[in-house]
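Subject: A structure for you, with notes

Dear colleague,

Here is the structure that I promised to hand over, together with some notes on what was found in it. Please keep it open while you read, so that you can look up each residue as it comes.

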Amino acid sequence: MRRLILLRHAKTERDAPSGKDQDRRLDERGKQDGADIGRWLALNDYRPDLALVSSAVRAQETWELLRAALPSTRAKHVAELYGADTSELLRVIHGATSADPQRLLIVAHNPGLHELALGLISGGDPAGRRALDSNLPTAGVAVIDFATDEWDEVRFRSGRLERFVSPKLLREESGGE
């Protein structure tokens, strides 16, 4: 079995001081949400062996927050994740065969990440699927399992949604918001 964890970067400032989208940083809510999601991943034993992280500042900052809760996870920064569409994202996943992680985390961006999650899932958690159908919000996580031993065998409609969570859903579960 292979487990893929798709994580959209946490909430960001509207505009970077440089004016470049790639330089946008996390805002205060994003910093809190990123730390909360990192703790949630660790508490629920969704600990990746390898994290592939977009080169965008907001994805890098999100990873740094997660890393505090996931200290044994190796990370690789992948420029191709910024602005990637579903086919490019799938190529990156297939390329994970050289490191051969059992559990792979990708920290990247919408719309590609949301479309990829929807495209990979063929079954699993129905409530999570309904929530994921409309959006993969900032700091949202889709945990998808595949009945294969090889990353290059991961295909569209071959995964099972194990869990979907977002900071908002976590707050609702804990009685907040």
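Is Tyr46 buried or exposed? Tyr46 is buried, with a relative accessible area of 6%, where buried means under 20% relative accessible area, exposed means over 50% and partly exposed lies in between, computed with a 1.4 Å probe on protein chains only.

Before going on, please note that this is a predicted model, in which local features need pLDDT of at least 70 and side-chain atom pairs count only at pLDDT 80 or more, while totals for chains, interfaces and linings use all residues. Residues are numbered from 1 along each chain as its sequence is written, and side-chain values use heavy atoms, with hydrogens and water left out.

A pair of aromatic rings is described by the distance of the centres and the angle of the planes. Rings of Phe, Tyr and Trp (for Trp, the six-membered ring) pair if their centres lie within 6.5 Å, and planes under 30 degrees apart count as stacked, over 60 as edge-to-face and the rest as tilted. Searching the whole structure gives 1 aromatic pair. Its members are Trp40 and Tyr46, whose ring centres are 5.2 Å apart and whose planes stand at 35°, so the pair is tilted. Trp40 counts as buried too, at 7% relative accessibility.

Next come the helices and strands, which are DSSP runs numbered from the N terminus (helices are H or I with at least four residues, strands are E with at least two). In helix H2, which covers residues 57–67, the buried residues are Arg58, Ala59, Thr62, Trp63 and Leu66. Seen down the axis of H2, these buried residues fall within an arc of 135°, so they line one face of the helix; the arc is that of the directions from the helix axis to the C-beta atoms. What covers them includes strand S1 (2–8), helix H1 (28–43), strand S2 (50–54), strand S3 (74–78) and strand S4 (103–108).

Arg58 is buried, with a relative accessible area of 5%, and, leaving aside neighbours within four places in sequence, Arg58 is in contact (heavy atoms within 4.5 Å) with His9, Thr12, Asp21, Gln22, Arg24, Leu26, Tyr82 and His109. Between Arg58 and Asp23 there are 7.3 Å from C-alpha to C-alpha, although they are 35 residues apart in sequence.

Not counting residues up to four places away in sequence, Arg103 touches Arg3, Arg47, Pro48, Asp49 and Leu50. The C-alpha atoms of Arg103 and Leu50 are 6.8 Å apart in space, while the two residues are 53 apart in sequence.

How many of the 9 residues of helix H4 (residues 112–120) are buried? The number is 8 of the 9, so H4 is largely enclosed by the rest of the structure. In the loop between S4 and H4 you will find Pro111, and the peptide bond from Asn110 to Pro111 is cis, with omega near 5°.

Two residues other than glycine have a backbone angle to check. Asp45, in the loop between H1 and S2, has a positive phi near 60°, and Asp45 counts as exposed at 52% relative accessibility. Ala139, in the loop between helix H5 (126–134) and strand S6 (141–146), has a positive phi of about 65°, but Ala139 counts as buried at 1% relative accessibility.

Finally, there is the largest pocket, which holds about 190 Å³ of space. Its lining consists of 13 residues, of which Pro137, Ser166, Pro167, Lys168 and Leu169 lie nearest its centre. Helix H6 (167–173) and H1 each supply at least two residues of this lining, and H6 gives the most, with 5 residues. A pocket is found on a 1 Å grid over the protein atoms alone, as an open set of points where a 1.4 Å probe fits, with protein on both sides within 12 Å along at least five of seven lines, and lining residues have an atom within 4 Å of a point.

With best wishes

Notes. Points joined across faces, edges and corners; volume = space filled by probe spheres on them.
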